[in-house]
Protein chains: 4
Amino acid sequence: MVVVFKQSATDEQITSVIGKIEHYGFRIHKSVGERKILIGAIGDSPNFDVRKIKVLDGVADAIKITEPYKLASRCLKSSNTVIDLGTVKIGSDQLVLISGPCSIENEDQIYRLAEVTAQSGAKILRGGAFKPRSSPYSFQGMGKKGLEIMRKAADKFGLKIITEIIQHDHVDLVYEYADIFQVGARNMQNFPLLKELGKTDKPVMLKRGISATVEEWLMSAEYLLAGGNEKVFLCERGIRTYERFTRHTFDLSSIPVIQEKSHLPVIADPSHASGYRHLVPPMARAAIAAGADGIMIEIHNNPEEALSDGPQAMFPENFLKLVEELKAIAEITGRSF
Amino acid sequence: MVVVFKQSATDEQITSVIGKIEHYGFRIHKSVGERKILIGAIGDSPNFDVRKIKVLDGVADAIKITEPYKLASRCLKSSNTVIDLGTVKIGSDQLVLISGPCSIENEDQIYRLAEVTAQSGAKILRGGAFKPRSSPYSFQGMGKKGLEIMRKAADKFGLKIITEIIQHDHVDLVYEYADIFQVGARNMQNFPLLKELGKTDKPVMLKRGISATVEEWLMSAEYLLAGGNEKVFLCERGIRTYERFTRHTFDLSSIPVIQEKSHLPVIADPSHASGYRHLVPPMARAAIAAGADGIMIEIHNNPEEALSDGPQAMFPENFLKLVEELKAIAEITGRSF
Amino acid sequence: MVVVFKQSATDEQITSVIGKIEHYGFRIHKSVGERKILIGAIGDSPNFDVRKIKVLDGVADAIKITEPYKLASRCLKSSNTVIDLGTVKIGSDQLVLISGPCSIENEDQIYRLAEVTAQSGAKILRGGAFKPRSSPYSFQGMGKKGLEIMRKAADKFGLKIITEIIQHDHVDLVYEYADIFQVGARNMQNFPLLKELGKTDKPVMLKRGISATVEEWLMSAEYLLAGGNEKVFLCERGIRTYERFTRHTFDLSSIPVIQEKSHLPVIADPSHASGYRHLVPPMARAAIAAGADGIMIEIHNNPEEALSDGPQAMFPENFLKLVEELKAIAEITGRSF
Amino acid sequence: MVVVFKQSATDEQITSVIGKIEHYGFRIHKSVGERKILIGAIGDSPNFDVRKIKVLDGVADAIKITEPYKLASRCLKSSNTVIDLGTVKIGSDQLVLISGPCSIENEDQIYRLAEVTAQSGAKILRGGAFKPRSSPYSFQGMGKKGLEIMRKAADKFGLKIITEIIQHDHVDLVYEYADIFQVGARNMQNFPLLKELGKTDKPVMLKRGISATVEEWLMSAEYLLAGGNEKVFLCERGIRTYERFTRHTFDLSSIPVIQEKSHLPVIADPSHASGYRHLVPPMARAAIAAGADGIMIEIHNNPEEALSDGPQAMFPENFLKLVEELKAIAEITGRSF
């Protein structure tokens with residue numbers, strides 16, 4: 001923490017503030033300029049609330065200088081985290097491709113989409129059985145039955161499964177069927193859920209919250225890591241801004257930023273970010289070009305009748321064509337699917 | 001829903017789109033202008049995803065015209081909801097005043113603050129026992145023990161209790177001690193929690209999500225109402241914007257907007273919105289002047305040692321002075337504490 | 001500026017960075033913690049681009065600690081700026097009330113509204129002759145003719161005039177008719193205009209830009225002050241957020257924040273902030289309760305036929321009633337109109 | 001426009017509203033559902049302020065259904081606009097590459113960077129002579145002298161010039177030296193400037209405003225087109241959000257959105273969007289992969305001493321390497337530099 005005093009600060013105020021900073025456990029380094037007095041407060045309190053100092057008399061500002069996350073930070077672990085799923089290594093030079101429907105709807109649907117997924121070369125099938133919907137009147141997912149049929153479909157085509165978990169007491173249930181837990185944007189700060197997932201030994205994909213800063217996102221990853229689960233990767237899925245022509249604003253610059261700050265892999269979800277299928281190919285290409293460690297794309301065999309998010313699901317044939325383009329771009333960045 | 005065709009739309013495209021709209025269960029009213037064709041699609045599907053039509057060939061735009069919430073809407077219930085707690089009627093001409101610490105920390109603290117709360121004329125004591133903290137290394141709350149000591153303190157001074165609930169399987173536990181459940185900003189879209197609270201018979205205060213629109217906020221209230229719990233009120237606590245001198249941006253215009261769209265009471269929390277105690281008095285006055293149905297203010301006897309959010313907690317003596325100003329403003333708007 | 005080194009920074013990197021900081025004209029204070037090295041860089045370069053240090057090898061972060069504005073800062077001038085217009089002192093205990101139409105439309109309109117303005121006790125008449133419209137097909141204002149008729153109307157009722165200036169070569173023209181220059185939100189960073197207005201001896205009201213931070217707003221005030229014009233006051237008019245039920249989000253907390261950071265008066269414009277006349281009374285009351293130094297409200301005798309922003313203009317009779325409420329609230333805060 | 005009535009609307013209210021809509025020049029199509037009455041108001045008033053209807057008694061909502069821009073719309077002109085500069089055709093399959101310094105600083109600097117620009121295959125040199133700076137104390141540009149030396153440097157290497165214009169009375173001056181006018185983000189809604197540039201016969205590149213919607217951006221293009229200048233292209237340069245690790249949030253999805261709505265070419269500026277040179281390569285690659293019609297990149301021979309925005313300028317050698325990657329990605333999307 002660095003503390004800056006007002007020019008008008010009295011000696012008494014400065015002494016009092018220094019006393020408090022020391023009381024909070026910091027060591028003091030004082031620098032006196034012509035018009036400003038600076039205090040460097042040294043100590044190991046990444047979560048100290050600097051507002052405690054800001055509100056003191058005589059203080060102009062107090063600024064945190066330590067990242068609040070530790071285990072997620074590249075300072076602690078400089079080499080990339082690689083999550084080995086057998087068929088794919090997330091975070092390696094091999095990019096990860098995930099596809100499938102928004103929601104699991106029935107056996108026929110999930111079989112067909114598992115087949116398309118396998119055909120594309122993707123190793124992981126997505127599909128939601130428990131859906132967080134903004135309206136109580138919308139389809140809420142097939143639940144356990146959905147997980148069962150998805151598991152069968154995935155096994156038939158040799159695929160791994162990723163599926164969303166929306167409540168902390170579902171960990172055992174979802175664990176039984178899934179290979180990767182997905183934490184959705186609305187649950188990025190569902191701390192009871194993060195704590196529970198920190199205890200499992202299966203990978204967790206943590207989506208960015210709808211208005212989360214990169215720092216808050218990494219703090220939520222920290223909950224998982226602090227719980228003991230090191231198999232964590234991130235997924236950029238667009239943030240909320242004032243722009244309305246797209247569903248969200250796809251913040252692709254978060255990808256190189258995460259890769260600089262953290263050792264955790266980060267993939268991108270252009271389907272939720274843009275909200276419309278015709279925007280998915282350009283934004284998927286952009287994500288790979290920006291250096292994402294992989295991509296998740298929603299597909300549907302009959303999107304007009306999809307029970308959720310049909311308008312952002314790609315038709316299988318267009319998806320297969322897109323994957324070829326993504327492979328070519330990956331090569332330019334020195335990677336491959 | 002209203003569907004607008006492109007000027008370039010062919011007859012075939014128009015026929016095909018109309019067929020699909022009818023297939024989705026709407027009745028059609030067609031209006032033909034010089035250059036535009038409009039379809040009014042009439043039917044009772046407030047949660048229909050208009051993107052399904054937007055993505056069709058020949059369509060320029062598809063626009064939802066029905067509010068997605070029903071039970072929360074003033075269309076359905078034109079008179080104000082009033083929640084009678086015995087000592088105070090939330091949503092009536094009598095404004096509600098809630099005060100207390102961010103977190104319950106120990107017996108002494110909560111007794112002192114219950115005393116100040118009673119002294120101010122407030123009828124409701126706030127205090128958190130389960131804290132949703134962005135860092136896993138921060139104080140996570142006293143848990144059940146906190147609820148016990150808060151209950152005793154409240155009873156001693158004849159106060160009701162409001163406290164935050166952060167997981168759906170805590171409803172029974174919190175029910176035992178609290179008079180009002182608080183759903184915090186981070187849980188506004190924790191749907192398993194909302195579903196569970198929809199089944200209780202105790203009031204729920206629903207805080208606005210950090211980047212929630214007014215519409216999404218009312219949709220979350222709809223979850224509670226649809227579950228059967230009619231004792232719902234809302235709390236504006238600031239939204240996320242690019243501005244950093246305040247913790248959040250206090251969107252006070254949401255108060256008259258909610259009162260226009262919904263029959264549910266809405267109060268304001270200037271402490272979380274501004275993040276600094278010296279900003280609380282002007283923003284509390286503003287909230288009452290804007291017509292809020294009440295106010296929630298954080299206080300602390302020793303904010304420098306508070307375990308959470310001390311810098312935004314008011315000192316008891318300043319709080320008591322502020323309450324007098326709020327009473328005077330309330331009178332001007334024809335209401336009283 | 002404070003510079004924080006990475007834990008992994010080498011001695012060579014640190015030496016090189018220190019050399020560069022000194023080269024940029026700063027003096028160095030080094031603080032060594034267990035795991036972090038901090039440099040306090042002391043010197044008088046409020047506009048130094050800290051990114052220059054951030055991008056150097058071995059640097060974790062570089063943080064500006066000096067406010068970039070000087071003349072606008074309360075550090076430089078602790079007493080409030082008061083702008084004496086004869087009939088009203090902006091920034092004093094006497095609050096300023098400004099009313100009138102969005103656009104001057106014709107003689108009859110501006111006379112009627114000047115009359116209402118005088119009747120309310122307001123001392124300043126507003127009205128636009130040059131309108132910055134987002135569409136080239138919208139009414140662009142009456143121009144010079146509008147200024148002429150507004151001047152006559154104002155003089156008849158003993159009122160001062162505030163009017164918007166949208167281009168730097170209009171200063172002489174507008175000066176001839178107006179008592180106060182208004183710089184609109186879209187021109188808050190029109191630097192040629194600010195430079196020109198810095199040379200005049202008439203007051204300037206600087207509206208906050210649509211997505212300006214408080215700091216950027218004060219920097220634009222700094223342009224005016226640096227040019228030699230000390231008669232500057234500010235106007236909060238709402239910022240852009242994701243919320244769409246209101247035209248903008250009225251950031252009332254900017255009022256106490258400005259009053260803390262700067263000696264310049266700050267008033268509020270609830271008409272543009274909310275965009276709908278029925279939201280103006282609650283938000284006007286809130287602004288006065290929050291401590292604004294005054295308020296600007298749009299009125300129209302026939303808003304349905306107004307050439308711009310009719311839906312946010314109040315009817316005269318409702319406006320007069322609102323002013324009575326504002327007077328009562330002002331009194332509670334120790335001020336008066 | 002579509003008007004939706006409240007369920008509680010009386011016959012009188014409906015009749016009155018219909019009368020007003022007709023008075024405003026619209027023809028009426030009425031659709032009666034079970035619970036809702038819809039009015040389709042047909043007519044050619046793209047800039048009609050729908051709030052005029054929204055505020056009427058009995059009205060639930062009034063929704064604009066016509067795009068407010070005409071000349072910029074793909075409805076009016078379905079084929080892409082191509083701007084032929086001789087050496088490059090902006091908006092064609094040939095992508096445009098623009099590079100150069102943020103500010104022109106001296107002869108040596110601009111010659112060196114013109115040389116690098118030519119070496120990369122770029123046909124257009126950028127450089128600012130008039131700089132819009134948020135601080136009055138920052139370098140404001142070399143002015144006319146800068147334009148002179150830039151012209152000489154460009155001519156030596158056979159390059160075209162793009163340079164920013166910040167005030168409407170500079171059109172003749174800048175016209176003399178430049179091949180393309182650049183309107184910066186802060187001036188996207190400087191309407192006097194747009195009107196003046198609408199009269200010239202040289203191309204204009206219009207940057208997106210810092211918080212402009214795509215619609216507002218196209219409306220500003222409309223000002224240029226309505227003035228008679230058809231040589232308009234757009235430049236995405238990042239928007240303001242709450243995220244602070246990057247200077248702005250690069251909204252790459254605006255590129256396919258613009259290409260869908262408008263016939264105007266759109267390029268991208270990753271330098272201003274990200275603010276840091278190490279983020280420029282991934283974001284430049286992403287922009288080309290997303291389908292941008294070209295890219296503008298800031299370079300500097302000695303960025304540590306640059307008078308503005310040095311930290312976001314690439315070193316020449318890295319820039320030349322990046323251009324090779326961009327060429328490879330362009331090929332995958334069926335285009336070339």
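Trainee: Anything to know before we start?

Mentor: This is a predicted model: local features need pLDDT of at least 70, side-chain atom pairs count only at pLDDT 80 or more, and totals for chains, interfaces and linings use all residues. Residues are numbered from 1 along each chain as its sequence is written, chains are lettered from A and ligands numbered from 1 in the order in which they are written, and side-chain values use heavy atoms, with hydrogens and water left out.

Trainee: Okay, chain A. How many helices and strands does the secondary structure have?

Mentor: Chain A has 11 helices and 14 strands. These are DSSP runs numbered from the N terminus: helices are H or I with at least four residues, strands are E with at least two. The C-alpha atoms fill a box of roughly 75 × 45 × 40 Å along the principal axes.

Trainee: And what share of chain A counts as buried?

Mentor: 65% of its 337 residues. Buried means under 20% relative accessible area, exposed over 50%, and partly exposed in between, using a 1.4 Å probe and protein chains only. Among chain A contacts (heavy atoms within 4.5 Å) between residues at least 6 apart in sequence, 67% join residues at least 24 apart.

Trainee: Why do you say the copies meet through the same surface?

Mentor: Because 100% of the interface residues of chain B are also interface residues in chain A. The contact takes 50 residues from chain B and 51 from chain A.

Trainee: How much area do they bury between them?

Mentor: About 4,400 Å², 48% of it on carbon and sulfur atoms. That is the accessible area (1.4 Å probe) that the two parts lose on being put together, summed over both. In chain B, the residues that lose the most area to chain A are B:R51, B:Y137 and B:E304, together 16% of what that side buries.

Trainee: How many salt bridges between chain B and chain A?

Mentor: Six, each being a side-chain nitrogen of Lys or Arg within 4 Å of a carboxyl oxygen of Asp or Glu. One salt bridge joins the side chains of A:E216 and B:R240, at 2.7 Å from N to O.

Trainee: Which element gives the most to the side of chain B that touches chain A?

Mentor: α7(B), with five residues.

Trainee: Tell me about that helix, then. How far does α7 reach?

Mentor: Helix α7 of chain B covers residues 214-226, 13 residues, and reaches 18 Å from its first C-alpha to its last, close to the 18 Å expected at 1.5 Å a residue. The expected span is 1.5 Å times one less than the number of residues. 11 of the 13 residues are buried, so α7(B) is largely enclosed by the rest of the structure. Among them are B:W217, B:M219 and B:Y223.

Trainee: What do those buried residues pack against?

Mentor: In chain B, they pack against α6 (191-197), β11 (204-207), β12 (232-236), α8 (254-261) and β13 (266-268). After α7(B) comes B:G228, whose phi is positive, near 115 degrees.

Trainee: Switching to chain D: where is the place of D:P101?

Mentor: D:P101 is in the loop between β7 (96-100) and α3 (107-120) of chain D. At 0% relative accessibility, D:P101 counts as buried. Beyond its neighbours within four places in sequence, its contacts include D:I110, D:L113 and D:H300.

Trainee: And D:S92, buried or exposed?

Mentor: D:S92 is buried, with a relative accessible area of 16%, and is in the loop between β6 (89-90) and β7 of chain D. A polar atom of the D:S92 side chain lies 2.7 Å from the backbone oxygen of D:K89. Leaving aside neighbours within four places in sequence, D:S92 is in contact with D:V82 and D:R335.

Conventions:
A polar contact is a pair of N or O atoms within 3.5 Å; within protein, one must be able to donate a hydrogen and the other to accept it, and residues adjacent in sequence count only if both atoms are side-chain atoms.
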